[in-house]
Structure formats: structure tokens, C-alpha cells
Amino acid sequence: KAVFESNTPLHQPTTLAPWVERSWRRCLDLGLDPSQRVAFAAVSSSAAQHAIEANQPLLRAAAPVIQSLSRAMAHTRYFAILTDARGLVIDVNGPVDRHDPHAASIARIGVDLSERAVGTTAIGTTLADLQPVWLHRGEHFFDDTAIYSCAGAPIWGPDGQCVGMLDLTGVNVVEQPALKHLVAQSARSIENALTLSQPHRLLLCLSWPGRMPGDASDGLVCVNADGQISAINRSAADMLGVAASVAPGHCSEWFAVPIETLFDAARLQRGPLEVPLWSGLRLSVLAQLNQGGERIPLHGASHGLPLKDVETAMIRKAVDDARGNVKEAARALGISRATVYRKLGAPRERS
């Protein structure tokens, strides 16, 4: 393989994806050899317990998402692994064949699956490059790990830091590159749950004009009573242009409208509004009050993943407020009657 030649320049074309080549080179720099055995060592029980305790918010946010993953992958023999930001396994879920040592060795709480420990995997590559990846069997660094196929995506916390990663792994199974999309969407849902769990008085759901809110890709901005942004998900940061790891500050730094306008829209339940940004762009903003300013629970319909329940509740309340008049409710929300019926799953009125 050309990438193993010491005189191979970094710019020389190879058949490897760039992130795979970078990972292989990091492994070589660590003095690793592809033929050496991989131990899949676990940390001490106390260290594993400390990781579990330190990552309780991540575990709670991920639990319902990972359960839905099991349905999506039911007949593929892939399973889900959740790690912390260091690559330490803190949760495993799915059809793990415990009689297969290749599966049982990695699907254990407390196993170190970082790049330094097990070479190139979706886990190590994701945590190094901080982007979703799909890794074919032959792209793993060690010969011992060439039987695995895996997809991974980083999970970003409300403060803009990577808090862990989600991995979908199969052992000697049919490769499923589509899992890259699934794992990326699932990571977004976990990020949304982490964001919504932060204390806030006002929730702003952001989307581009022309799109209905209610998708896992929506931007989420949690705002305190004084207009300070207490939490923001990755999508919102990208829409507003907030740099990673930078405190977003006050709403007035991004939205070219008074914060009172957004609070009023939430109180009056006006539905999505087009709001100008200081950048010159415009966003569709659905403002919702969080009564009491408490954390939104991570379990149950109120966690808002992927915000479909939030949208449905908003539409149902508008219909109730209009005393069942769907036309009036649709006008108040700025959507069509057909959309109201479709979202609520109700039969249309006969004309």
C-alpha cells in the first residue's frame, strides 16, 4: 500500500479517502504496525464508572435515539456503540453476538476504542476529524480489525465542544454505506436533546424560509429571560455563523429584531416568522415559551426529537384555540389547511 511507504508524499493520490489516509499516517507516527495484535483493552472498573457518571447527560439524551436505531438496523446485524470524547465505550445497544469474540471484544463498557488504542476505526477517525465517516473493512489500520464495517458521527454539546461519538458496527456482515447518513442524523437528534435539556425561557427553532419546522436538522437556540443564549445546537450555529467553541452571547448580536419581538411571537403563538439577521440573511423562526424556564425533560414526547411532537402540539393547540376551525388555525400558523390535516393525521372536512 503506497501510504505505508515512508517516501510517499502526502499529496500523492491514493484510493483512500483523505481522512482514512490521515488516520493511517497518525497510526504510523505512533509507531503502530498493521500486523500487530489488537488487545481491545478495557480501562479499570473505577475509570469506567467515572466515565459513566461524567456522561450522564449524553447517555440520557442518546437512549431514545439508540432505541430507534435498533429498528432501523433490525435485519443488518449492526449494533450501536456510544463513546465519550476520548473514545471510551459508555453504552452498547443492538444484536451483539456474545459468542463471537470479535463482537464481544469491542462491545463492552469501558473498552478504549480510541485511535491510539485500536488504530483506524470509524470511532478514532470521527473523533480526530470531527465529521461523519463510513469505513470499509479494508480501510482499518490493523489486520485484526479488517473484519469490521462501521459508520461514525461526532456528537456536539450545547457549548460547541465534541462530547462523544456514535458508532454503528457490523462484524463480517454486508457493508451498508447508507449507515453514514443514519448515524449522522441520529447524532443530530442526540445533540438536539442535549440542547433542549439546558435551562431556558424561550426556544427558537430555526429553518430556512420555505421550510416547515419540525426536522432533526432544525437549528435550536435556547434563550434566557434576559435574551442571553444559554444553548445552541450545531445546526443553529451554522445558520447564524457562530464559530465553534465561541459563546454565542445575546440574541441581539445575531437577530436584527428586538428580543421582545421574539418573546411576543411566542406568547401570541404566531407560528414561524421570517426574521432578518445582521449578516443580511433571513431565517424562519418558530418561537416557543418554556413555562418556568426549566429544563425540558429528555424522556417522553416533550424532548422534541426530531421536533415533530413540538410541531404537532403547536398545530393542535392552534386548532383548539380556534375552537376546531381548521381554516382559522391554518391562517394563524401561516400554513395551508391541507398541511394541518396531514400533520394531525385527521380526515379532511367535506366541502
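**A closer look at a charged pair**

Tutor: Let's start with aspartate 264, which counts as partly exposed because its relative accessibility is 35% (buried is under 20% relative accessible area, exposed is over 50%, and partly exposed is in between, using a 1.4 Å probe and protein chains only). Keep in mind that this is a predicted model, so local features need pLDDT of at least 70 and side-chain atom pairs count only at pLDDT 80 or more, while totals for chains, interfaces and linings use all residues. Residues are numbered from 1 along each chain as its sequence is written, and side-chain values use heavy atoms, with hydrogens and water left out.

The partner of aspartate 264 is arginine 267: they form a salt bridge, with the closest N and O atoms 3.1 Å apart (a side-chain nitrogen of Lys or Arg within 4 Å of a carboxyl oxygen of Asp or Glu). Both sit in helix H9 (residues 259-267), 3 residues apart, about one turn of the helix (helices, H or I of at least four residues, and strands, E of at least two, are DSSP runs numbered from the N terminus). Arginine 267 is exposed, at a relative accessible area of 52%.

That pair belongs to a set of 8 salt bridges in the structure. In another one, arginine 282 pairs with glutamate 274, and their closest N and O atoms are 3.4 Å apart. Here arginine 282 is partly exposed at 40%, and glutamate 274 is partly exposed too, at 48%.

Now for a pair that reaches across the chain: aspartate 144 bridges to arginine 37, with 2.9 Å between the closest N and O atoms. This one links distant parts, as aspartate 144 is in the loop between S3 and S4, arginine 37 is in the loop between H1 and helix H2 (45-54), and 107 residues separate them. Arginine 37 is exposed, with 69% relative accessibility. Salt bridges can also join up: Arg22, Arg26, Glu115 and Asp129 are linked in a network.

At a relative accessible area of 10%, threonine 121 is buried. Beyond its neighbours within four places in sequence, threonine 121 is in contact with Leu113, Leu135 and His140 (contact means heavy atoms within 4.5 Å).
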